[in-house]
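Please read the numbered points with the sequence and the model at hand.

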Amino acid sequence: MATLGLNDVKTGKKIIHNGDPWIITEADFVKPGKGQAFTRIRIRNLKDGRTTEQTLKSSDSYEEADAVDTDANFSYIEGTGADREWIFMHTETFEQHRANLAAMGDAWKWLKGDEECVITLFNGNIIAVQAPKFVELKIVETDPGVRGDTSGGGGKPATLETGAVVRVPLFVNQDEVIKVDTRTGEYDSRVK
């Protein structure tokens, strides 16, 4: 693995910090009028999402993480309860990878099968899963809509086929298919 020095530390690079893979979300090179130049970075842990700031002097360096983002299709869920594993298949090599609940984060709410996701692999294991930006899911339970209801009112909760609960406009009914923004968890539109 490569070693990153002061000039190599840039936004988007993946590094090893305290034994875990982190991604640099911000990098500011600072050259004060007096004293030595340094780089201030904000990093996010790829395993648990924590963020922190670090200051690098010219003599400091980081080891580059062997973390790779790749496309994979969600295939199926194996097991139940806390022992559940989500099985993904690489789109080109057809190699299967398993993700536990910690690696899934909130992505499990939006996956029902055969969605193309971005998975982050570290040492051959999935450490993060990114669901597609938009998914189309069927509403399995919500209060009935009433004639005259408009989207201007606050909305109502709706349970989707994956178990996720989203807030939908009052005119949306049970058994309709809706489009959901997975980044915010919000209703986007009805699917015709």
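1. Strand E1 and strand E6 (residues 62-64) pair in the antiparallel sense over 2 bridges. Within this pairing, Leu4 stands opposite Tyr62 in E6. Strands, marked E, are DSSP runs of at least two residues, numbered from the N terminus, and two strands count as paired if DSSP finds at least two bridges between them.

2. The model is predicted, with local features requiring pLDDT of at least 70 and side-chain atom pairs counted only at pLDDT 80 or more, while totals for chains, interfaces and linings use all residues. Residues are numbered from 1 along each chain as its sequence is written, and side-chain values use heavy atoms, with hydrogens and water left out.

3. The pairing of E1 with E6 belongs to an open sheet of 6 strands, in the order E1-E6-E2-E3-E4-E5, with antiparallel pairing. E1 (3-4) and E5 stand at the edges with a single partner strand each, so one side of each has no neighbour in the sheet.

4. Further along the sheet, strand E3 (residues 20-30) pairs with strand E4 (residues 38-45) in the antiparallel sense, over 8 bridges. In this pairing, Asp28 is opposite Arg40 in E4. E4 also pairs with strand E5 (residues 51-57), again in the antiparallel sense, over 7 bridges. Here the bridge partner of Ile43 is Thr52 in E5. The hairpin of E4 and E5 has 5 residues between the strands, and in this hairpin Gly49 takes a positive phi near 85°.

5. Which residues does the salt-bridge network around Arg42 join? A salt bridge is defined as a side-chain nitrogen of Lys or Arg within 4 Å of a carboxyl oxygen of Asp or Glu, and the structure holds 9 of them. The side chains of Arg42 and Glu26 form one, at 4.0 Å from N to O. Because Arg42 lies in strand E4 and Glu26 in strand E3, this pair ties together parts 16 residues apart in sequence. Arg42 also forms a salt bridge with Glu53, their closest N and O atoms being 2.9 Å apart.

6. Arg42 is partly exposed at 28% relative accessibility. Glu26, at 40%, counts as partly exposed, and Glu53, at 45%, is also partly exposed. Salt bridges that share partners join Glu26, Arg42 and Glu53 into one network.

7. Glu78 lies in strand E7 (residues 67-78) and Arg98 in strand E9, so the pair ties together parts that are 20 residues apart in sequence. The side chain of Arg98 also makes a polar contact with the side chain of Glu85 at 2.9 Å; a polar contact is a pair of N or O atoms within 3.5 Å, where, within protein, one must be able to donate a hydrogen and the other to accept it, and residues adjacent in sequence count only if both atoms are side-chain atoms.

8. Leaving aside neighbours within four places in sequence, Arg98 is in contact (heavy atoms within 4.5 Å) with Glu78, Glu85, Trp86, Ile87 and Ile126. Arg98 is partly exposed, with a relative accessible area of 40%, and Glu78 is partly exposed at 34%. The C-alpha atoms of Arg98 and Glu26 are separated by 30 Å.

9. The largest nonpolar core has 28 residues, and those with the most contacts inside it are Phe88, Trp110, Val129, Leu160 and Ile178. Such a core is a set of buried Ala, Val, Leu, Ile, Met, Phe, Trp, Tyr and Cys residues joined through side-chain atoms within 4.5 Å. Domain 2 (67-130) and domain 3 (134-190) both give residues to this core, so it lies between them; the domain bounds come from an automatic or database domain assignment. Apart from this core lies another, of 9 residues, among them Leu4, Ile15, Ile41 and Ile43.

Notes:
Helix = DSSP H or I, 4+ residues; strand = E, 2+ residues; numbered from the N terminus. Buried < 20%, exposed > 50% of the residue type's maximum accessible area, 1.4 Å probe, protein only.
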